[in-house]
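Biologist: Before I look at any details, could you show me the structure we are going to discuss?

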Protein chains: 2
Amino acid sequence: MLRRLTTPHLVRLLGEWRGGGTAYLALAAALRALILEGRLPPHTRLPSERALATALGLSRNTVTAALDVLREQGYLASRRGTGSWVTSPRLPDDRPDERLAPASDVIDLTLANLPAPTDLGVLASRAASALAREFGGHGYEPFGLPAARAAVAAYLSRRGLPTTAEQVLITQGALHAWDLVLRAFARPGDRVLVETPTYPGALDSLRAHSCVPVSVPVGLDGWDLAFMRSALRDARPRLGYLIPDFQNPTGFCASAAQRVAVVREARAAGALLVSDESLAELWIDAGKRPASLAAKDAGASVLAVGSLSKTVWGGLRTGWIRADPEIVRRLALARGSQDVGSPVLGQLLAVEVLPRLDTLLDSRRKLLRERRDALLKALTAERPAWRAACPSGGMFIWAELPHTTSASALAVRAVEHGVRVAAGPRFGAGGGFEQRLRLPFTQPPERLAEAVRRLAAAEDTLGPRSSTGAPANRWIA
Amino acid sequence: MLRRLTTPHLVRLLGEWRGGGTAYLALAAALRALILEGRLPPHTRLPSERALATALGLSRNTVTAALDVLREQGYLASRRGTGSWVTSPRLPDDRPDERLAPASDVIDLTLANLPAPTDLGVLASRAASALAREFGGHGYEPFGLPAARAAVAAYLSRRGLPTTAEQVLITQGALHAWDLVLRAFARPGDRVLVETPTYPGALDSLRAHSCVPVSVPVGLDGWDLAFMRSALRDARPRLGYLIPDFQNPTGFCASAAQRVAVVREARAAGALLVSDESLAELWIDAGKRPASLAAKDAGASVLAVGSLSKTVWGGLRTGWIRADPEIVRRLALARGSQDVGSPVLGQLLAVEVLPRLDTLLDSRRKLLRERRDALLKALTAERPAWRAACPSGGMFIWAELPHTTSASALAVRAVEHGVRVAAGPRFGAGGGFEQRLRLPFTQPPERLAEAVRRLAAAEDTLGPRSSTGAPANRWIA
């Protein structure tokens, strides 16, 4: 049941791991970071020590020593003839959900979520009172509860995207929506267009469906349209996944002209675009954002995906897909063999939340503005050498580190200083982004300031980048 | 985007479609039934008319006339050069969820669910009150809310399967649990052991993961152990899916000896067995049922799956997997790229329901006993030629029709008489079971009696089976 991993693949994942210090300890730390980030999942078999030593230009003894450290720490197991493979590491307090719920003295910047608005309690009670009306039915709702579909349609129409209930399918969130589209429309081996960098969950889902990512670069200045055009025309991807609004992780928000161009290209190439708009309402500076990617489409070329996870609370697990009714039927059919539908009570809660979303959003935006500014201020004070553009919305700063600091090495060292943070390579289908850190500004200002102080302390302990290290692109095999 | 369907595959799906009457109308009705049951999903391309005519021993004109009927009714579309493919049929009242929510004058026997117990309203209010305690967290729970995991562990331990919270992962129900196991452990092309007949959702999920079913026969007398052994040893399936308690659709409940034998064989073959125990608590006659398939296993060979959908209500969408903590971690990792986790509010409701499950079950069993007996009585009165064993629990009677009646033809005709019912072939990975109907006894006694009267009337309108029809096994290519 072990998965194989090729040597070039591991070298690519490792990126620029040489953060200074003893080589075997640095290699062990880099591998541990990949395991902790889930990029080397349990039961992955590593290449042989000999192959790894050759590829990394190290002595065999150095590689053996690094793996010994990880074996001792419980991250690896080995057997003669089989080699070494990743086990599930025993985490500090041995709680199985430690990965997502670190001890309170650690500041976790890997997740970007605001706490729930307190009004949600009252709305949940109302939803509970409405539940009894549904008791006569079977409760299976692969399309979604009619009232929830209608509430989403009304909400989307209100914000300028005319939508009928028939065009809506209720999901467990935006990632689930994307996963469902892959289930209904993709086959193993299909090519799928993604931005690079992009949301790691979308990449993981794509891999779970055995699809092949076709990456198109995106920066703060937007999509690389020439690259997008050639990717669509040459690779002919069946599907594409884009985040046009306050992109995760870059914060980029596409202009109206870019949106028009992308939809035109995708249509010409016959690709179905999924537009993840779950961050769209989180504008901070401007009161107006460009129209939905689906604005000039009935939902046959562009599937607009939304969610309450980022705007309201991750624990709601309610999202939606807005598409042509024919596509909605195919998605519901696919869902019938997956989880049948969302819980009725949770959908009734969404029915209560959606009409009040605008009011809720006012206070969310205020919170985000305050926290974004606090994070930027702390970065300027503590790390003037880092470059951080100010995003006009969303939840993330895509910080650029000086070329002397490797983000992967910093992320590993940061854990020892009480911060968990996602390094750039997690956001690229094939690694890369070794100079980038994604910093969400969802925590209170004083926590963000403390996190930056800890990151600064961690960076100061990293020696200057090893001068024996090869240039960056050596590792991009 | 059209899926191909081979001629032998379609012939197998059609089964014994010749229910008497004009050939082209009978063929059209049989195809329509396959489309309505979702066995011919939208965008499936049919074989050419010529190939179909040859395979079915019909004139080309007869096939053309049948397809014309379906085109006119909106079930098929055609284009020169491409042939005919399935569209999403416009259903009578054009409601997109018609397939799962038929008009109230139709008795729907395709779903097997009791209405929700009214106590659920009070429990939902308690869950809503408890929600505010979770607001500080991010709400992402790929393992499940700690309180929900603990409640499931306590419940399983109470019924004789000692379980810790660490062995539990919360899912959206039993089907979602199975789908998640496939996502974590199966690859496209993997062989997977299933009972035949079995729960159609499990087969659909297996197909969605591009796995290959390895069928082992099951009857009211139990598993065919010799077949099971050879399937495990020769086909070496990586995974298996079994329903040991009041199986869907046969009602079979495995003996203790059979359970021991099956677990031993699976272990010897290195297969991971998923034991769907969502019907286990629905015993009707005997107060005792054999122990869980996982009873002598820590969860490394047998994954016990449960759900509140059948025992309490389908609209809850709460189930679980009980497995070795290492396997639970892998499942949580797989879930992190699917739907992230279940909604917090719904899990809090499960926390309220689980300690009260025994009390709730008492009244559910009483209801099921009354309804099972009413269904059997109606069948004896109206259809003495049908054979129906009395199951000791569960929700289904797996009725055997006289060889003069095709279940597929009857299911099609029954719709015109106001009953929807699932014909036998839906429960086999490759069709078959043309003499079987699955009759759930979840509706009130008077509705069940009326359903049987309507089925009887429908059967009476079917002519005797066409004597020009080939013997049954001709169609099992």
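Modeller: A definition comes before the helix pairs: a crossing is right-handed if the near helix is turned clockwise from the far one by less than a right angle, and left-handed if anticlockwise. Bear in mind that this is a predicted model.

Biologist: Which hand does the crossing of H5(B) and H12(B) have?

Modeller: Helix H5 of chain B covers residues 120–131, and helix H12 of chain B covers residues 344–353. Their axes come within 8 Å and cross at roughly 125°. The angle makes H5(B) oblique to H12(B). The hand of this crossing is right-handed.

Biologist: How many charged residues does the contact of H5(B) with H12(B) have?

Modeller: The H5(B) side includes Leu120(B), Leu123(B) and Arg126(B). On the H12(B) side, Leu348(B), Leu349(B) and Glu352(B) are among the residues that make the contact. By class there are twelve nonpolar residues and no polar ones, and the number of charged residues is two.

Biologist: Is H7(A) roughly parallel or roughly perpendicular to H11(A)?

Modeller: Helix H7 of chain A (residues 174–185) packs against helix H11 of chain A (residues 325–335) with the axes 9 Å apart. The angle between them is about 95°. Angles of 65 to 115 degrees count as roughly perpendicular. That makes H7(A), relative to H11(A), roughly perpendicular.

Biologist: How many polar residues are in the contact of H7(A) with H11(A)?

Modeller: From H7(A), His176(A), Leu180(A), Val181(A), Arg183(A), Ala184(A) and Phe185(A) take part. They meet Ile327(A), Arg330(A), Leu331(A), Ala334(A) and Arg335(A) of H11(A). Seven of the residues in this contact are nonpolar and three are charged, and the number of polar residues is one.

Biologist: Does Glu141(A) count as buried or exposed?

Modeller: Glu141(A) sits in the loop between helix H5 (120–131) and helix H6 (146–158) of chain A. Leaving out residues up to four places away in sequence, Glu141(A) touches Pro146(A), Val340(A), Gly341(A), Ser342(A) and Gln347(A). Buried means under 20% relative accessible area. Because its relative accessibility is 15%, Glu141(A) counts as buried.

Biologist: What radius of gyration does chain A have?

Modeller: The C-alpha trace of chain A spans about 65 × 45 × 45 Å along its principal axes. Chain A contains 15 helices and 17 strands, and 61% of its 477 residues are buried. For 477 residues, a compact globule would have a radius of gyration near 23 Å. Chain A agrees with this, at 23 Å.

Technical notes. Residues numbered from 1 in each chain as written. Chains lettered and ligands numbered in written order. Predicted model: local features only at pLDDT ≥ 70, side-chain atom pairs only at ≥ 80, totals over all residues. Heavy atoms only, no water. Axes fitted to C-alpha atoms, helices over the stretch in contact; angles between N-to-C directions. Helix = DSSP H or I, 4+ residues; strand = E, 2+ residues; numbered from the N terminus. Parallel < 35°, antiparallel > 145°, perpendicular 65-115°, else oblique. Contact = heavy atoms within 4.5 Å. Nonpolar A, V, L, I, M, F, W, Y, C, P; charged D, E, K, R; others polar. Buried < 20%, exposed > 50% of the residue type's maximum accessible area, 1.4 Å probe, protein only. Rg over C-alpha atoms; globule rule 2.2 N^0.38 Å.
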